[in-house]
Amino acid sequence: MDAPLARALRGAGLDPADVDLWCRLFFGAERQIDVLAYSALFLAEDIAVSAVLCDKARAGVRLRIALGEPAGTHVAVRGGEERVGDGMAARIRTALIAFGAVVDAGAELRLHDTVLYNSIYRSDDELLINTHVYGHPGAHAPLLHLMWQGDEGLARTYADSFERVWSASRPIVT
């Protein structure tokens, strides 16, 4: 493994269902939290994670959540790939309701119609990248734990990807 990658990569194959992992990641945020996914329903419905996100938003941490457009082309394709059909859009609609308290606390929420090759979860200089595996839900795919290594590197690549999707996303007005 090359040296920059070795410095950036803090872990791989982490369990996406490990709620403590998500709470620790978001609890440590002081400046920003970013979430890019199709639904992130597992986060939206978890009481502990939602409480941390609400507290962070109220404390002034910039919190941005970009979810898939339920009626979007790419959500429909992903639903077909995972063999859940309209279930993907239903999960997103459920997540939109569940994230309501986080938005009320000060988070920004947008919808995107983007092909996602991975989901991105950022807390300041730490990122969890949930790789997408064709035909499998995110919970069955590995996570990469990355640390920011300056203006170059793997974490920066994913952060830039988030920014491109965020810029092209549609704001939700509540």
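This is a predicted model: local features need pLDDT of at least 70, side-chain atom pairs count only at pLDDT 80 or more; totals for chains, interfaces and linings use all residues.
A residue is called buried when its relative accessible area is under 20%, exposed when over 50%, and partly exposed in between, using a 1.4 Å probe and protein chains only. A48 is partly exposed, with a relative accessible area of 37%. A48 is found in helix 4, residues 47-58. Helices (H or I, at least four residues) and strands (E, at least two) are DSSP runs, numbered from the N terminus.

Residues are numbered from 1 along each chain as its sequence is written, and side-chain values use heavy atoms, leaving out hydrogens and water.

Now turn to helix 8. It covers residues 154-168, which makes 15 residues. The expected span of a helix is 1.5 Å times one less than its number of residues.

Which residues of helix 8 are buried? They are A155, Y158, A159, F162, V165 and W166. Seen down the helix axis, these buried residues fall within an arc of 125°, so they line one face of helix 8. The arc is that of the directions from the helix axis to the C-beta atoms. The face turned away from the buried side carries the exposed residues R164, S167 and A168.

What do the buried residues pack against? Their partners are strand 2 (32-36), strand 3 (62-68), strand 4 (108-112), strand 5 (118-123), strand 6 (126-131) and strand 7 (143-147). Contact here means heavy atoms within 4.5 Å.

Some of these strands pair with each other. Two strands pair if DSSP finds at least two bridges between them. Strand 5 and strand 6 run antiparallel and are joined by six bridges. Y121 has L128 in strand 6 as its bridge partner. The two strands form a hairpin with two residues between them. In the turn, D124 has a positive phi of about 50°. Strand 6 is also joined to strand 7, by five bridges, and these two run antiparallel. Here N130 has L143 in strand 7 as its bridge partner.

Next come the rings. Rings of Phe, Tyr and Trp (its six-membered ring) pair if their centres lie within 6.5 Å; planes under 30 degrees apart count as stacked, over 60 as edge-to-face and the rest as tilted. The structure holds five aromatic pairs. In one of them, the rings of W22 and Y121 have centres 4.6 Å apart and planes at 75°, so the pair is edge-to-face. This pair links distant parts of the chain: W22 in helix 2 (residues 19-27) and Y121 in strand 5, 99 residues apart. W22 is buried at 1% relative accessible area, and Y121 is buried at 2%. The rings of F162 and W166 have centres 5.8 Å apart and planes at 15°, so that pair is stacked. Both residues lie in helix 8, four residues apart, about one turn of the helix. Ring pairs also link W22, F26, F42 and Y121 into a cluster.

Charges meet rings too. A charge sits over a ring if NZ of Lys or CZ of Arg is within 6 Å of the ring centre and within 35 degrees of the ring normal. The charged end of R64 sits over the ring of W166, 5.3 Å from its centre. K56 lies over the face of F27, at 5.2 Å from the ring centre.
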